[in-house]
Amino acid sequence: MQLKRVVVTGLGALTPIGNNIEEYWNALINGVSGAAPVTYYDAAKFKTRFACELKNFTATDYLDRKEARKMDRFTQYAMVASDEAIADSKLNLDEINKLRVGVIWGAGIGGLETFQNEVLEFAKGDGTPRFNPFFIPKMIADIAPGNISIKNGFMGPNYTTVSACASSANAMIDALNYIRLGHCDVIVTGGSEAAVTIAGMGGFNSMHALSTRNESPETASRPFDAERDGFVLGEGAGAIILEEYEHAKARGAKIYAEVIGGGMSSDAYHMTAPHPEGIGVIAVMKNCLENSGIKPEDVDHINTHGTSTPLGDVAELKAISEVFGEHAKNININSTKSMTGHLLGAAGAIEAIASILSIQNSIVPPTINHSTPDENINPDLNLTLNKAQKREVNIAMSNTFGFGGHNACVAFKKLEE
């Protein structure tokens, strides 16, 4: 069976450094940090008192007030980003076959704030179970793609992938395969997360996963730096329209890049820690290369998982050196989490968008906040430190890993007609 080609025809982003694609990209290439003191709740007693929250975002500027009230923030974010991506794709919703348009979304946690608030309100009462009728449909992780499909009438495959921080990368790979195999013409994919909450911050703090650089939030996310001390929690959404190539060409669609493959693996090692030798990460990148039909020396750019944790950054870079050998030093490696923080289930989506835009614009965003080299990291690797670098990017890969040992890698290529 001849697999169909899959291309990207629309993008949407709602991030801590920009509320649309143009703002997001400009902030990325200019090295803007999205970290600042928490405003959503009183964080005075928390070990970490900052996060990468959205800025100047009001849901009702984009959504009907009544509808917005029925949605957790993670769904609101999904709706806003997907609306931008659909508009960007210029799909004619009156003419396309909506039975062949799906929505495959990623969310690591789902409606955490809704769950938290409902339980706290119940605890204040006398034990009588008084809950909002929208409690369950606001909370469940699959409601985001459900709402996207309901709004647009998309009747193809519709579900959420949940694999912690790899969730939206897994969603993209599923979407890629549905189109490759001829089951769909178009899929709205990506991910959203809204875990900057009392429960989210408290839970990650208890694991010692978050940076506690409260005196300087904007420099706290510092992947590959010797003084890194944990990740910075972020929120938002990224949406990508994947489309079968001939379908896109027939309607004269703008094409950003081709999606040429994806890989998946498991560390099978630890609940939260990566394998120290990066065995699962080696496997996922090799799987992605094989699935994409490319050689290691074909890759120009890798957007790493790069969360700014002591163990994870070293393991991932060791894996890159193992897979790419001498060619590793020719690759522009970066971590855009240095600017956006870690969007958990939405990380794969917004980082894939950064990779796609690197291909289109021939520029790689920086890894900011690097000041002290880590002796455990190969100094020959080009980590795109502190300043964006111009270069031709024909093939880019995006790595995303999640608690539980979930690894996903997606590859994009400049379109060849």
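Is Glu-258 buried or exposed? Glu-258 is buried, at a relative accessible area of 10%, where buried means under 20% relative accessible area, exposed over 50% and partly exposed in between, with a 1.4 Å probe and protein chains only.

This is a predicted model, in which local features need pLDDT of at least 70 and side-chain atom pairs count only at pLDDT 80 or more, while totals for chains, interfaces and linings use all residues. Residues are numbered from 1 along each chain as its sequence is written, and side-chain values use heavy atoms, with hydrogens and water left out.

**Annotated span**

The UniProt record, an unreviewed entry, places the feature "domain: Ketosynthase family 3 (KS3)" at residues 3-414. UniProt positions follow the numbering used here, feature names are shortened, and annotations may be inferred rather than shown by experiment. The span is 33% helix and 18% strand, and its end C-alpha atoms lie 18 Å apart. Helices (H or I, at least four residues) and strands (E, at least two) are DSSP runs, numbered from the N terminus.

**The sheet**

Ten strands form an open sheet with mixed pairing, in the order E5-E4-E6-E7-E1-E8-E14-E13-E9-E10. Its edge strands are E5 (158-161) and E10, each of which pairs on one side only. From one strand to the next, the twist averages 25 degrees. Such angles run from 0 to 180 degrees between N-to-C directions, with axes fitted as lines to C-alpha atoms, for helices over the stretch in contact. Two strands count as paired if DSSP finds at least two bridges between them. The table lists pairings within the sheet.

| Strands | Sense | Bridges | Source |
|---|---|---|---|
| E1 and E7 | antiparallel | eight bridges | DSSP |
| E1 and E8 | antiparallel | three bridges | DSSP |
| E8 and E14 | antiparallel | eight bridges | DSSP |
| E4 and E6 | parallel | six bridges | DSSP |
| E4 and E5 | parallel | four bridges | DSSP |

Leu-11 has Ile-240 in E7 as its bridge partner, and Val-8 has Ala-257 in E8. Val-259 is bridged to Phe-412 in E14. Gly-102 stands opposite Ile-187 in E6, and Val-103 opposite Asn-158 in E5.

Strand E8 (residues 257-266) is largely enclosed by the rest of the structure, because eight of its ten residues are buried. Glu-258 belongs to this strand. Leaving aside residues up to four places away in sequence, Glu-258 touches Arg-5, Val-6, Val-7, Ala-411, Phe-412, Lys-413 and Leu-415, contact meaning heavy atoms within 4.5 Å. Arg-5 and Glu-258 are 253 residues apart in sequence, yet their C-alpha atoms are 7.6 Å apart in space.

In E4, six of the six residues are buried. Val-101, Val-103 and Trp-105 point one way from E4, whereas Gly-102, Ile-104 and Gly-106 point the other way.

Ser-168, Ala-169 and Met-172 of H7 meet Ala-347, Gly-348, Ala-349 and Ala-352 of H13.

Helix H11 (residues 310-324) has 15 residues and reaches 22 Å from its first C-alpha to its last, close to the expected 21 Å, which is 1.5 Å times one less than the number of residues. The buried residues of H11 include Asp-313, Glu-316, Leu-317 and Ile-320. Its buried residues pack against H10, E9 (301-303), E10 (332-334) and E13 (395-402).

**Positive phi values**

Most residues other than glycine have a negative phi. Lys-90 has a positive phi near 55 degrees and lies in the loop between H3 (73-89) and E4 (101-106). Lys-90 counts as exposed because its relative accessibility is 65%. Ala-268, with a positive phi of about 50 degrees, lies in the loop between E8 and H10 (279-292). At 72% relative accessibility, Ala-268 also counts as exposed. Gly-325, which follows H11, has a positive phi near 55 degrees.
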